[in-house]
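Thanks, everyone, for making the time this morning. I would like to walk you through one structure, looking at how its parts meet and then at a couple of individual positions.

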Amino acid sequence: MTAPVLADKPGLAPGPGRRARRRPAARRRDRLTAWLLITPALAYFVIFLLYPALSALYYSFTDWNLRTDANWVGLSNYADLMFDDVKYPHFWKSVRVTLQYTLIAVPMTMVAAMVQALLLNAIRRGANLFRLLLFLPVVTAEAAVGAIWRWLYDPQYGLINSVLGLVGIPGQNWLNTPELVIPALAFIATWQCGISMIIYLAGLKGIPGAIQEAAIIDGANPWQRFWRVTFPMLRPTTFYLLVTGVIAALQVFGLVYVIFSGNGRSVTGGPEQSGLTYVLHLYLFAFRYDAMGAACAMSFILLVFIMIVTALQFRFVKQEAS
């Protein structure tokens with residue numbers, strides 16, 4: 001005799017068939033929830049990043065001054081920027097200034113950050129206080145930083161020349177001598193090395209103590225321990241800071257603008273355009289010379305250059321810890 005088939009009752013657990021019917025609905029709810037969660041970030045990316053970038057790419061092929069309709073000129077902006085010294089006399093000057101600044105500021109910043117991180121790593125008491133003090137320049141507003149350093153570099157009343165005078169070194173006109181402008185700006189960037197210092201300090205904390213102890217047992221002195229153990233172990237950190245530091249230096253703008261726009265002066269990049277960085281030059285074309293099309297073209301030339309430099313760094317600079 002065949003046993004009767006019992007119907008599903010509300011109090012019983014659902015069978016496999018019912019669970020299978022519910023899975024597609026659950027997946028749809030999960031997808032809907034996921035899209036709702038990423039919609040704000042996606043909207044921000046499209047509205048404030050993707051659309052402006054595509055618009056700038058289009059306007060880089062036009063003659064546009066923000067007030068009239070854009071006229072299509074094709075590759076003329078790119079060709080004129082690189083080859084027409086009459087129409088754009090300071091383009092290559094801004095490129096040279098930016099490269100000089102990068103070659104000086106990036107190594108100085110990384111060395112200063114490494115030294116600060118090593119000192120903080122060796123301190124047992126008060127490390128948090130010193131870390132805070134060394135990080136303060138990073139979070140200080142650029143307008144305040146520019147005002148402070150204009151006073152420090154003042155040829156008559158500046159603190160730097162006063163200190164140099166105490167040791168018998170003649171003072172310099174730091175921001176009005178073309179040969180000293182780039183080193184002066186690079187020194188300010190070095191003063192603001194707090195982020196690199198924190199990253200180096202984190203890298204130092206990640207080095208196993210057993211490796212240092214083994215080096216001490218083998219008779220390595222402090223310099224040998226740094227050069228043979230610590231520095232090779234920090235190679236991934238150094239590579240990251242090198243790549244990001246070069247990208248940031250090639251885009252330097254705010255500090256240079258503040259330094260050379262004080263006291264009602266017109267922004268030209270200092271004496272003989274010795275501080276005319278690439279992005280400052282781009283800003284002047286966009287908002288002072290009514291050449292937004294050329295400014296957009298300059299931005300994409302910079303983008304391509306940064307991509308090439310970054311690719312070369314990934315190709316030729318060692319990244320692995322050893």
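Predicted model: local features only at pLDDT ≥ 70, side-chain atom pairs only at ≥ 80, totals over all residues.

The side chains of Arg67 and Asp290 form a salt bridge, with 3.2 Å from N to O. As for polar contacts, three residue pairs are counted between domain 1 and domain 2, with both partners at pLDDT 80 or more.

Looking at the elements behind this, helix H1, residues 16-59, and helix H2, residues 76-83, are the ones that give two or more residues to the side of domain 1 that touches domain 2. Of these, H1 provides the largest share, with four residues. Sorted by class, that side of domain 1 has seven nonpolar, four polar and one charged residues.

Let me now step back to the domains themselves. The domain assignment places domain 1 at 32-78 and domain 2 at 89-321, and their centres, taken over C-alpha atoms, are separated by 30 Å. To the contact between them, domain 1 brings 12 residues and domain 2 brings 11 residues.

How much area do domain 1 and domain 2 bury between them? The figure is about 860 Å², and 72% of it lies on carbon and sulfur atoms. On the domain 1 side, Trp64, Leu66 and Tyr78 together supply 43% of the area buried against domain 2, which is more than any other three residues.

I will finish with two single positions. Is Thr277 buried or exposed? Thr277 counts as buried because its relative accessible area is 1%, and the cut-off for that label is under 20%. Thr277 sits in the loop between helix H12, residues 254-259, and helix H13, residues 278-287, and, setting aside neighbours within four places in sequence, Thr277 is in contact with Ser94, Val97, Thr98, Val252 and Val256.

Ile195, in helix H8, residues 194-205, is partly exposed, with a relative accessible area of 47%. Leaving out neighbours within four places in sequence, Ile195 is in contact with Phe135 and Val138, while its C-alpha atom is 9.4 Å from that of Leu134, 61 residues apart along the chain.

How values were computed:
Residues numbered from 1 in each chain as written. Heavy atoms only, no water. Domains from an automatic or database assignment. Contact = heavy atoms within 4.5 Å. Buried area = accessible area lost by both parts, 1.4 Å probe. Salt bridge = Lys/Arg side-chain N within 4 Å of Asp/Glu carboxyl O. Polar contact = N/O pair within 3.5 Å; in protein donor to acceptor, adjacent residues only side chain to side chain. Nonpolar A, V, L, I, M, F, W, Y, C, P; charged D, E, K, R; others polar. Buried < 20%, exposed > 50% of the residue type's maximum accessible area, 1.4 Å probe, protein only.
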